[in-house]
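Work through the following exercises with the sequence and the coordinates at hand. Each task is followed by its solution.

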Amino acid sequence: MHWFYLTAAVSAEVIGTTLMKFLVSADQLALGTLAALTMIALAYLFLGKATLRIPVALANAFWEGLGMILIALVSLQLLGETMSLLQGVGIGVAIVGIAVLNYGHFQQEHAE
């Protein structure tokens, strides 16, 4: 269940950021800000629930890393934004970092 909460936290962050961009681009600054704040609040609630079972360092790395990756993909696919080669490399490094942290957590759990 804790991974469900972490996934919900990531989803809320991505939805909030995407809604903010769409609404602000449509000259709806206040509504965009409200949407972002609401979804980020939900994301933190879900993140808090997830950290009852998942170590904070792992949960935060997963939340921020996967959120960044998904927001980058949304910005490319839905918002028509571009990404440089260096930015793509940065996302690749983030994926490796998340995988290494997750693997370290897995090893730690099975060593105890």
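**Exercise 1.** Find which residues touch the most other members of the largest nonpolar core.

Solution. A nonpolar core is a set of buried Ala, Val, Leu, Ile, Met, Phe, Trp, Tyr and Cys residues joined through side-chain atoms within 4.5 Å. Buried means under 20% relative accessible area and exposed over 50%, with partly exposed in between (1.4 Å probe, protein chains only). The largest core has 20 residues, and those touching the most other members are Leu6, Leu47, Ile54 and Trp63. Two or more residues come from each of helix H1 (2–25), helix H2 (29–50), helix H3 (56–77) and helix H4 (85–111). H3 contributes the most, 7 residues. Helices are DSSP runs (H or I, at least four residues), numbered from the N terminus.

The model is predicted: local features need pLDDT of at least 70, side-chain atom pairs count only at pLDDT 80 or more, and totals for chains, interfaces and linings use all residues. Residues are numbered from 1 along each chain as its sequence is written, and side-chain values use heavy atoms, without hydrogens and water.

**Exercise 2.** List what Ile54 is in contact with, leaving aside neighbours within four places in sequence.

Solution. Contact means heavy atoms within 4.5 Å. The partners of Ile54 are His2, Trp3, Leu6 and Ala59.

**Exercise 3.** Determine where the buried residues of H2 lie around its axis.

Solution. First, the buried residues of H2 are Gly32, Ala35, Ala36, Met39, Ala43, Leu47 and Ala50. They cover an arc (directions from the helix axis to the C-beta atoms) of only 105°, so they lie on the same side of H2. Next, the face turned away from this buried side carries the exposed residues Ala30, Leu34, Leu37 and Leu45. Finally, the cover over the buried residues of H2 includes H1 and H3.
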